[in-house]
Structures are given as C-alpha cells and as structure tokens.
Amino acid sequence: HTAFDSDVVFHEYTHGVSNRLVGGLLDALALQQPQSRSMGEGWSDYFALTIHNHSLQQERTVLGDWVLDSENGIRLHPYDDNYPATYGNVGTSPYVQVHNIGEIWCATLMKMNRDLGRVLGDKQRGHQLGWQLVVDGFKLTPANPSFLAARDGILQALDSHNRVGQLSPDDFRRALRAVWGAFARFGMGPNARSVGASLQGIVEDRNLPPGV
C-alpha cells in the first residue's frame, strides 16, 4: 500500500506545502501552468528523497522503488549527476507530461543540495541550507512560475541569507557558485528563456553569470 512507503507520503505532503506557499497564502491556484505544475511534482520528489538522504551514507536517487518492488522506481531515470535531460528538453517527448518535466527540476535541486554539501564541507549542512532556500524560495516566487522564476526565488533567498549574516562571506560565495552551477548544469543559466510558464519558446543556457 502506498501509505506504507514514505517516498509517497513525503511526496504528497510536499504538494500541500508548495501549493500553499507559492504565489502567497491567499492564492490556491498558483501552480496551474505547465512548468508550474511540473515543478510541483519535482519539489515533491526532491523532499521525498532528500529527507532520507540527510542521514544516509549512501544517497538514494530512485523514488518509489519499494512501492513498485522495482529497483528502477517510478521515474524515467535516477536523480544522480548523470540525469540526462535539461531545461532544453522541456516540451519535447517524453518531457511533455508533468511528472516527466518535474524530473528535470528535481534533478537540479538534488544536485544543488549535493554540491552545497560538498562546497560547505558538510553533507547535512548542504541539505539543511538547500531545504531552507527552497522553502524560502516558495514564498518569493510569483504565482504560476516558470522554472526560471522559481530559480530566481531560490537565488533571492540565498541573497537574503547573506544580507542578514546567516552565511559567512566565504560560505556565501561558495554557495552562490554551487547554486548557479546546478542551474547552469541543467540549462537554467542567466540567459535561459521561455514564454512564460508554458512549454513554448524554451531556450537553455549552460553558462554561469560573470563573476560567479
């Protein structure tokens, strides 16, 4: 039964959080556009796996393997550094369905956590900072966002951590490069574009911003 698989429970619980925080507490329809709905699935996969990974020595990158009794789980690919699709694949088969598109968003955030732990020298701290940036980013992201608008919410959250002194200058520089590096790796560099939160006009960019 799915209720016995914490992957499923954490995934569904996160829908309740993302739907309530993105776009503000009074907007219950803030994740309706194609990219927005897809990120809802990606955020849910991200928390389902990273809640486990915070304390595991061996990182889990496959979701729902227990409930399906299959080592491949319920997604197209494992969420590791070799995840094959990027933002430029959004809108092309098979990345036209919300769960499949959401995999690209989850893979990006999983890499962000992984790299934050690496640059900060502490895997658990990387997860904790990653979670805080994502949740703070919910509150800074407008209704029905594109991947790029949600990216900017996370970057704004990181800047806020820096401005109030929650990160040392060195840690902020390392974290900023790790966060931008994850987005650039998956095609969401500073010059990426799309037509709103639709699946049209998507142009990816794998560069880092100057000076990062």
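Buried means under 20% relative accessible area, exposed means over 50%, and partly exposed lies in between, with a 1.4 Å probe and protein chains only. By that rule Arg 75 is buried, with a relative accessible area of 15%. This is a predicted model, in which local features need pLDDT of at least 70, side-chain atom pairs count only at pLDDT 80 or more, and totals for chains, interfaces and linings use all residues. Residues are numbered from 1 along each chain as its sequence is written, and side-chain values use heavy atoms, with hydrogens and water left out.

**Helix α2**

- Helices (H or I, at least four residues) are DSSP runs numbered from the N terminus.
- Helix α2 covers residues 34-53 and has 20 residues.
- From first C-alpha to last, α2 reaches 29 Å, close to the 28 Å expected at 1.5 Å a residue; the expected span is 1.5 Å times one less than the number of residues.
- Of the 20 residues in α2, 16 are buried, and the helix is mostly covered.

**Salt bridges**

- The structure holds 14 salt bridges, each being a side-chain nitrogen of Lys or Arg within 4 Å of a carboxyl oxygen of Asp or Glu.
- Arg 75 forms a salt bridge with Asp 45, with the closest N and O atoms 2.7 Å apart.
- Arg 75 lies in the loop between α3 (65-68) and α4 (98-120) and Asp 45 lies in helix α2, so this pair ties together parts that are 30 residues apart in sequence.
- Asp 45 is buried, with a relative accessible area of 1%.
- Glu 59 and Arg 114 meet through their side chains in a salt bridge of 3.0 Å, N to O.
- That pair links distant parts of the chain, with Glu 59 in the loop between α2 and α3 and Arg 114 in helix α4, 55 residues apart.
- Glu 59 is partly exposed, with a relative accessible area of 31%.
- Asp 115 and Lys 111 form a salt bridge of 2.9 Å, N to O; both lie in helix α4, 4 residues apart, about one turn of the helix.
- An α-helix has 3.6 residues a turn, so residues three or four places apart point the same way.
- Asp 115 is buried at 8% relative accessible area, and Lys 111 is buried at 14%.
- A network of salt bridges links Glu 59, Asp 81, Lys 111, Arg 114, Asp 115 and Arg 118.

**Nonpolar core**

- A nonpolar core is a set of buried Ala, Val, Leu, Ile, Met, Phe, Trp, Tyr and Cys residues joined through side-chain atoms within 4.5 Å.
- The largest such core has 51 residues, and those with the most contacts inside it are Trp 43, Trp 105, Met 112, Val 134, Ile 154 and Val 179.
- Helices α2, α4, α5 (123-139), α6 (147-163) and α7 (169-185) each supply at least two residues of this core.
- Helix α4 gives the most to this core, with 10 residues.
- Leaving aside neighbours within four places in sequence, Val 179 is in contact with Met 112, Leu 116, Leu 133, Ile 154, Leu 155 and Leu 158; contact means heavy atoms within 4.5 Å.

- Ser 18 sits in helix α1 (residues 6-21) and is buried, with a relative accessible area of 0%.
- The side chain of Ser 18 reaches the backbone oxygen of His 15 at 3.4 Å.
- Asn 113 is in helix α4 and is buried at 2% relative accessible area.
- The side chains of Asn 113 and Tyr 46 are joined by a polar contact of 2.8 Å.

**Aromatic pairs**

- The structure holds 7 aromatic pairs.
- Rings of Phe, Tyr and Trp (its six-membered ring) pair if their centres lie within 6.5 Å; planes under 30 degrees apart count as stacked, over 60 as edge-to-face and the rest as tilted.
- Tyr 87 and Phe 147 form a stacked pair, 5.4 Å centre to centre with 25° between the planes.
- Trp 43, Tyr 87, Trp 105, Phe 138, Phe 147 and Phe 183 form one aromatic cluster.

Methods: Polar contact = N/O pair within 3.5 Å; in protein donor to acceptor, adjacent residues only side chain to side chain.
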